Every structure is written in C-alpha cells, then in structure tokens.
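Please examine the sequence and the model shown below. The paragraphs after it lead through selected places in the structure, one after another.

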Amino acid sequence: MTSFESINVGDQGHVAHQYATTERLRGRMSVWGPGATGLDPTDVLFEELVARSPRTVLEIGCGTGAFAKRVVDALPDVDYLATDASPAMVAAASAQGVRAEVRPAEATGQPTGSIDVVVAAWMLYHVPSLDAALAEVCRVLRPGGALLAVTNGEQHLATLFAAAGVTPPRSTFTSENGEALLERHFDRITRTDIETIATFPDHASAAAYLATVDATWAAALPAFEGARQDTGFTTVFTATAPRAATR
Ligand SMILES: C[S@@+](CC[C@H](N)C(=O)[O-])C[C@H]1O[C@@H](n2cnc3c(N)ncnc32)[C@H](O)[C@@H]1O
C-alpha cells in the first residue's frame, strides 16, 4: 500500500518524541467534533465520571490537563491527581491549576485501595506493558472503584490514511480488543461506541494533522480543493469490579 513505515504507537521512542512537547497533541485535539449522533467522547467520559460521585480521581496519561481542568472546575471538592510520563504535559496541566505529577502509569505512587475512579483517555496503547499498567490501576482502585478508559477503533481516520497512502498506526489497545484486554483485570465492562468527525478546512490542515503523527506523511497527501471530513471511531469503556488477584 505504501513505501512508508508502519508506526507502532506503543514504541517507546515514538511515545517520547510525540509527547516531548504539547504541540502535536494540541494540533490533533483541535480538529475533532461530534458525529451524526451528537455524542462527544469527552462528554461521555465526563458524564460517566460524574455519575460515580467520586471523592478521589487519578488520571493517568493526562496530556495537557484539559479533562482534569474540566472536572476540577465542575467538582471542586474532588481530590483529583493528574499524572503523565511527560514533564511537558505535567507542566501544561499544572499551568491550568490542576494538581499534576510526573508518574508512569505502571507506578503511580498512590496508596493501595485509595482511588474511586481512574481515568485513562487515549493512553493505554502507549504503555510498555498493558498488563502492568492495568495491574497498577487495580491496585490503587478501591474495591467498588472504576476505570474509565477511552480508545480508538481500527477504522479511526482510515479514510485520511488511505488518501495519503500510508499504513494506519498500529495500536495494541483498540475498540475491537479493549474489552477482552480489560476482562483480564476486571469482572464487569460496559462500553459506549461513538462516531466522531475530524474537519480539515483545507489541504494544509489535513497535511499538518498527518505530520503530527509522522513528519514525512504531510507530503504524502495528494492535493485537494476545499475542506474534507473524516470519520473517527472511539469507545469509552467503564471497567468495574477490579480483580483482587491483580491488586
Ligand atoms: C494521546 S495523549 C492523551 C492525553 C489525554 N489523556 C487526552 O485525552 O488528551 C497520550 C498521553 O499519554 C502519556 N503517556 C504515554 N505513555 C505513558 C505512560 N507509560 N505512563 C503515563 N503516561 C503516558 C503521553 O505523555 C501523553 O500525554
């Protein structure tokens, strides 16, 4: 299909480069809007969190802290700790007034059984060991606690990647396999599948998006006139009843 190398989003060199600054992530976040159902994954995530009335929340892979800021503004009594492996992301989250610390997902430093809700949004496909990260989540969750995990499906932005003739990035935690992977650590999983739309006002913006994934991909997108839209496929998983054996 392409002469371009396939990207593995779990490759730790790729992860370190991607998130050394906030620029690429901010660029990608800016194009997304709800699809035909009007559902936005971040709204679904927020509603799932609020419905659980948590006192303590731990976010792993918090990125710029946008979600954390939304929660602490809406629920000022919640004890919210945002964590990320990238110092640049933690600095961005802290700059918004969110309590944030540099911590890898597999070693959060939180006491066992202390957290009501763990948030892991678009990050479980980046960790070096998914089982190690999920075991850590189960360890810090109290027995009635929940993991809210967001990820994308295999067809996410497939039309844009096809137009550019590049192989879509390979992901280890997807809408398709996420439930089975979470079942290794949790007894109950529910899911909400959501179609979203990425809007690119012109060729330059679509090329710039591709360049945030791989700098060489921008040149691969053939010219087009006007705007284009591409469909995204995202799932919000709620995992409860963490297995004692993994805690
Ligand atoms: C796609 S971004 C998502 C950020 C944020 N959750 C959001 O929804 O905007 C992935 C984030 O995971 C972080 N990350 C990657 N590997 C990690 C790890 N092993 N432990 C903690 N954070 C990690 C990255 O630094 C980055 O901020």
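T108 is found in the loop that runs between strand β4 (100-102) and strand β5 (115-121). Helices and strands here are DSSP runs, numbered from the N terminus, with at least four residues of type H or I for a helix and at least two of type E for a strand. At 2% relative accessibility, T108 counts as buried; the word buried stands for under 20% relative accessible area, exposed for over 50%, and partly exposed for values in between, with a 1.4 Å probe and protein chains only. The side chain of T108 is joined to that of E136 by a polar contact of 2.7 Å. A polar contact is a pair of N or O atoms within 3.5 Å; within protein, one atom must be able to donate a hydrogen and the other to accept it, and residues adjacent in sequence count only if both atoms are side-chain atoms.

The model is a predicted one, in which local features need pLDDT of at least 70 and side-chain atom pairs count only at pLDDT 80 or more, whereas totals for chains, interfaces and linings use all residues. Residues are numbered from 1 along each chain as its sequence is written, and side-chain values use heavy atoms, with hydrogens and water left out.

Another loop, between β3 (79-84) and α5 (87-95), holds S86. S86 is buried, at 8% relative accessibility. A polar atom of its side chain lies 2.7 Å from the backbone oxygen of Y19.

Y19 leads on to the ligand. Which residues are the closest to the ligand? They are Y19, G61, D84, A105 and A121, out of 21 residues that surround it; a residue is near a molecule if one of its heavy atoms lies within 4 Å of it. This shell divides into 13 nonpolar, four polar and four charged residues. In this division, Ala, Val, Leu, Ile, Met, Phe, Trp, Tyr, Cys and Pro count as nonpolar, Asp, Glu, Lys and Arg as charged, and the others, Gly among them, as polar.

An oxygen atom of the ligand is 2.6 Å from an N or O atom in the side chain of D84. A ligand nitrogen atom lies 3.2 Å from a polar backbone atom of A85, and a ligand nitrogen atom is 2.8 Å from a polar backbone atom of A121. Of the 600 Å² of accessible area that the ligand has on its own, the protein covers 93%; such areas come from the Shrake-Rupley method with a 1.4 Å probe, and for residues only the protein chains shown count as cover.

The backbone also deserves attention. Most residues other than glycine have a negative phi. L157, however, has a positive phi, near 60°. L157 is found in the loop between β6 (141-152) and α7 (158-164), and it is buried, with a relative accessible area of 1%. A241 has a positive phi as well, near 55°. The place of A241 is in strand β8 (residues 228-242), where A241 is buried at a relative accessible area of 18%.

Finally, consider the cysteines. How many disulfides does the structure hold? The number is zero, a disulfide being a pair of cysteine sulfur atoms within 2.5 Å. C62 is buried, with a relative accessible area of 7%, and C138 is buried, with a value of 0%.
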